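Here are a few notes to read alongside the model.

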Amino acid sequence: MHPEILSEARSLVLERINSIINAKSKVSDSMLYTSTAESKMIRSSLLISASKKNTSLSKSSAINLATSIELLHSYSLIHDDLPSMDNDNLRRGKDSNHIKYGEAIAILSGDALQTLAFELVANDDDLGSDLKVSAISLLTDACGYKGMVLGQELDITSNSMQVDEEFIKKMHYLKTGKLIEISLVLGFLGYKRFFEYKDLIYKLGKSIGVGFQIVDDYLDEFGDQNEIGKPIGSDLKNKKINILSILNEEECLELISENHIESLEIAKKIFDKENDKDIFKIIDYIYQRKM
């Protein structure tokens, strides 16, 4: 069962997306097709939940930052599914973007979603210039050639002869974890006590991010296609490395459990279990989800 905060975040983000993207061309249609498709909105949920502890960030700015994160995530999915990358024909329970619109439009819409994410932050009326620069710097670091793009490179160029658990966790952190980590960090943008909690916030974001991808790897092998909305066994089909390249099912479940406990223990040092329940519900959902 989805925590209510996921539905709340989805509603707020979809409203913002539909207000800024007008379906006037194939590219804009393609942008909306992926960015408004059925999704968990975990990244935006983390950001919005964390922002409720941060009186220095307006609700409108939190929604803009959450929307920016989801636009970047959608762009990455469009490009990830391309024939030259993972070559997946199904995403979020329907045809991948390039199947629906063709490869050229899919590439252009991914590019457009990426630039729109930064435009949204730059045009935020409630954020000061220093916070805008900080937010854009965090996002570009998470998504650029030292972040998500490098993770993608490792993903498509590695082989089973050269990997171990440390390598896979590094790849997971770069490919998936950094954007999840920054989602949490951006919820604390401008927070007066940020430097007091900075190390713990980053540590929690990384723990959740890596844990999320380990669960994804498990579901890619043992999940239900109808539940997760994408083909099962795509990593195996594409001869790609994931955590099950080196661990069996039982070992993988044990690692998921260990990461779950680790994430909760770090969260308790930042958040209050009674007043910040949403964060703990999101963490539990990430590790216990079946989709």
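**Notes on the salt bridges**

1. Let's start with Arg 193 and Glu 196, whose side chains meet in a salt bridge at 2.7 Å, N to O. The term means a side-chain nitrogen of Lys or Arg within 4 Å of a carboxyl oxygen of Asp or Glu. Arg 193 is partly exposed at 40% relative accessibility, while Glu 196 is exposed at 53%. (Buried is under 20% relative accessible area, exposed is over 50%, and partly exposed is in between, with a 1.4 Å probe and protein chains only.)

2. Before going on, a word on the source: this is a predicted model, where local features need pLDDT of at least 70, side-chain atom pairs count only at pLDDT 80 or more, and totals for chains, interfaces and linings use all residues. Residues are numbered from 1 along each chain as its sequence is written, and side-chain values use heavy atoms, leaving out hydrogens and water.

3. How many salt bridges does the structure hold? There are 13. One of them pairs Lys 53 with Asp 276, with the closest N and O atoms 3.2 Å apart. This pair links distant parts of the chain, 223 residues apart: Lys 53 sits in the loop between α3 (42-51) and α4 (59-80), and Asp 276 in the loop between α13 (249-267) and α14 (277-288). Helices here are DSSP runs (H or I, at least four residues), numbered from the N terminus. Lys 53 is partly exposed at 26%, but Asp 276 is buried at 15%.

4. Have a look at Asp 155 and Lys 175 too, which form a salt bridge at 2.6 Å, N to O. Asp 155 belongs to helix α8 (residues 148-157) and Lys 175 to helix α9 (residues 165-187), so the pair ties together parts 20 residues apart in sequence. Both residues are buried.

Methods. Helix = DSSP H or I, 4+ residues; strand = E, 2+ residues; numbered from the N terminus.
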